[in-house]
Amino acid sequence: MIRIAQLSCGAEYSGVQRELEKAAEAVGARLIFPEVALDDVLNVESRFGIEVPSGDLNLAMARATRLVENPDLADAVFVCTCFRCAEGAIVRGEVRRFIHSHSRLPVLTYSFTERTTSDTLLTRMEALVTTAKMKGLLAREKQTGLTAGIDSGSTTTKAVIMRDNEIIGTGWVPTTEVLKSADAALEAALTEAKVKREELEGIGTTGYGRFLVGKHVNARLMQEEITVNSKGAVFLADAQRGAATVIDIGGMDNKAISVQDGIPGGFTMGGICAGASGRFLELTARRLGVNITELGKLALKGFHENVTMNSYCIVFGTQSLVNSLSKGSRPEDVAMAACHSVAEQVFEQQLQEVEVKQPVIMVGGTSLIEGLPKAMENLLGLPVIVPRYAQYIGAVGAALLVSGLLEG
Amino acid sequence: MRITKYIITSPESNILPSDVAMKIYGSGKDVRVKETCFGVMVDGEEDVVDSLIKEVRAMDPHGIFIKSRGFPPGDPRRCRSRRGGGPRPGYFMMECESKAMPLVSRALACEERGESVPEAAPQKAPISTEKLIEFIKDEFS
Amino acid sequence: MVKVIVFPPTSTILADMVERMGHTPLVMSGEIRKKVNTPSLESPPLNITPEDPKKGLRYAAVDVPSGIRGRMSMIGPMIDEAEAALVVKDGNCLVGCTGCARTNELARLLIKVKGIPQIELKYPTSDAEARRFVHDIRTFLEGLR
């Protein structure tokens, strides 16, 4: 049983404690509350560095200090506070940083409302548990044998075939019917690899459709995309040792993962609005009358400063898009403004919740829209790496990890 | 209606939680009793518990404090052994207040004896700028 | 007999003082008791469900964090019911039901603006302060008769 230490404020009173527990149970974990003494709470400032007016946040900080002094008390940490609470947000971030810099415990942060359900939390909890439970598997650096990985995403389905640490076939199709799309992507990859399905030694699945597709193809590994993508990213970027940051702007949600030696140490998964996703860039491309594959190159010729673009909400973002075009803005400026706007949201909302350490690796289909990694580079003031096969990141990670299950 | 009362003994009281528990056991009333670090929880029908509370309070009128409790004793929904450890939040409040109880206890006794109430200490006024400048000059001269 | 809300609403000392003087203390445990006794409600530990923060909308707007509204769904009705208030401001170990400073501020404000008889004190730190504390509370509570 994996023990997840819950450091929180407001969960019981928001009516979501049961949901947190359900999500933990669903992935074979148990929430625990590290024991602290009253003096630990009252003197939290001397050990943590600050005390705040809200006692429950002081309690969370006291529990954090107890955890870093006794890291064997838990296998992972879940830090959560109420959405829209400034005091909670500050403490949440500092607790994450504190645990990250004083222990090797994986940390997940989250802000909830009364509408948060266990379904929303499932992927995050699953990733946290995987990180804690499967350290051995996640430490794997090489793919062996002949394996396939399928990434059943919300927008596209990707498949790769790998043999002895090399990618020998890829398949990419838009997601329509989940199973049909998975079959088509796998078939395309098999054809390119000149391999028959029966020859595969193992299949790994990831993405939204991982369980459905996994059952359909008899997968040995069905894994959420946080751990799989970070593994795929450090593999492809040749950054398996040391620190790395993985950014994946997806069709429906975004992930920012802080990785140490190939294992996620902290991550956020978000994307409340489609304005911060690949969807908005697709929409921009359509509006500009260019193919999505050309949008990035077009953006590189433009300047985002020339266009006011607010894609905080996809509706307002689209209005900005229409307005700027009607005012005669250059398509290349509009394209760059759209890339900047999406990158800015990920920067503002998610990269603040993980440790951003070099190398910064951008993955997923959107990383191929050249304007997007460029905008991220500008915002971070750091170089951003887009490895080859970046769009197949989940499938590569799944193919690599499943090979680890075939031995012994 | 069933209720739960928490009977807390001041750390300076001559009455121990075990004395309170024995008193309640000795009454033979149909209640559940649980001893804790700070006192005793008693759970039962409202009228029965209320009459017991009166008797218990008489054991040390100034050193015993009583409050109602939301959960019955050992409720699995709040029990730390079933819920991942860590004391329930009310424990800290109780520990804090337990430390303040001797002060209140003594004050209650004085109050009953009708002793005069001491004057409030004068409010501290901020130091004057002139005085502060003087200190600064002294320190850095 | 007067219904007196105590703040912090989790305080044993204050609830005890009110009861000693023959009044009814309005305290958090009473609200929690209602929740834990609700049959078929399965949302441990406190049986607060996502519906409760919505009930809290009566006391705080939707952009106020859910934890505040959830707490207010319990504290708010107590304030509504209160006929007098005994408020101690500087509790330094407020966690759980009183673990959110913003909720505590809002609760104190709502008590204050209700216009019921109320007394505001500080926790005593010496015998002399405790004497005044107890005396002032007694005088206040006696005045409610």
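A compact globule of 141 residues would have a radius of gyration near 14 Å, but chain B comes out at 23 Å. Keep in mind that this is a predicted model. Along its principal axes, the C-alpha trace of chain B spans about 75 × 45 × 25 Å.

**Chain B on its own**

What is chain B built from? It has four helices and four strands. Starting at the N terminus, these elements follow the order β-α-β-β-α-β-α-α. Buried residues account for 32% of the 141 residues in chain B. If you look at contacts in chain B between residues at least 6 apart in sequence, 62% of them join residues at least 24 apart.

|---|---|---|
| Chain A touching chain C | 24 residues of chain A with 25 residues of chain C | eleven nonpolar, seven polar, six charged |
| Chain B touching chain C | 31 residues of chain B with 31 residues of chain C | 19 nonpolar, three polar, nine charged |

Which elements supply these residues? On the side of chain A that touches chain C, helix H1 (17-26), helix H2 (38-42) and helix H4 (55-69) of chain A each give two or more residues. On the side of chain B that touches chain C, at least two residues come from each of strand E4 (64-68) and helix H3 (90-113) of chain B.

**Inside chain A**

Now let us turn to the domains of chain A. Chain A is divided into domain 1 (2-133) and domain 2, which is made of 146-226 + 393-406. The C-alpha centres of these two domains of chain A lie 34 Å apart.

The largest nonpolar core has 197 residues, and the ones that touch the most other members are A:Ile4, A:Val77, A:Ile150, A:Val160 and A:Cys339. Helix H14 (residues 331-349) of chain A provides the largest share of this core, ten residues. Why does the core lie between the two domains of chain A? Domain 1 (2-133) and domain 2 (146-226 + 393-406) both give residues to it, so it lies between them.

Leaving aside its neighbours within four places in sequence, A:Ile150 is in contact with residues including A:Thr157, A:Ala159, A:Leu186 and A:Ile203. Among its other contacts are A:Val213, A:Val217, A:Ala395 and A:Ala398.

Note on methods: Residues numbered from 1 in each chain as written. Chains lettered and ligands numbered in written order. Predicted model: local features only at pLDDT ≥ 70, side-chain atom pairs only at ≥ 80, totals over all residues. Domains from an automatic or database assignment. Contact = placed C-beta atoms within 7 Å. Nonpolar A, V, L, I, M, F, W, Y, C, P; charged D, E, K, R; others polar. Rg over C-alpha atoms; globule rule 2.2 N^0.38 Å. Buried ≥ 20, exposed ≤ 12 C-beta atoms within 10 Å, placed from the backbone. Core = buried A, V, L, I, M, F, W, Y, C linked by C-beta atoms within 7 Å.
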